[in-house]
Amino acid sequence: LQLDGRLVRKVVKQSVMTTVYGVTFVGMREQIERRLRELPELAAEVEAAAQPDRQYTRLASYLAKHTMSSLGEVFEPAMVAMEW
């Protein structure tokens, strides 16, 4: 499954916005997975694959990992303050 060209801002927006409240990797993955399930352009391909629930979780994990690492890079001073 490929996500290239299928993602919209809405998929990661909630996760980015809840970072200041201390969203965990698992919480971010769940938020992203809910948004992925709402994308009709992705649903047909995922539902046709073996174990669609696992495919959504796998895609959401990938995006959550990259979203978290990107936030750490872009908002480094804010992340340091949050850790303090």
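Glu-38 is partly exposed at 41% relative accessibility, a class lying between buried (under 20% relative accessible area) and exposed (over 50%), with a 1.4 Å probe and protein chains only. The structure is a predicted model, in which local features need pLDDT of at least 70 and side-chain atom pairs count only at pLDDT 80 or more, while totals for chains, interfaces and linings use all residues. Residues are numbered from 1 along each chain as its sequence is written, and side-chain values use heavy atoms, leaving out hydrogens and water.

Four salt bridges were found, each defined as a side-chain nitrogen of Lys or Arg within 4 Å of a carboxyl oxygen of Asp or Glu. One of them joins Glu-38 to Lys-10, with the closest N and O atoms 3.3 Å apart. This pair links distant parts of the chain, 28 residues apart: Glu-38 sits in the loop between helix 2 and helix 3, and Lys-10 in helix 1 (residues 10-17); helices are DSSP runs (H or I, at least four residues), numbered from the N terminus. Lys-10 is exposed at 52%. Glu-38 also meets Arg-35 in a salt bridge (3.1 Å, N to O), and shared partners join Lys-10, Arg-35 and Glu-38 into one network.

Turning to the interior, Thr-67 belongs to helix 4 and is buried, with a relative accessible area of 11%. Beyond its neighbours within four places in sequence, Thr-67 is in contact (heavy atoms within 4.5 Å) with Val-12, Val-16, Met-28 and Ile-32.

Methods:
Helix = DSSP H or I, 4+ residues; strand = E, 2+ residues; numbered from the N terminus.
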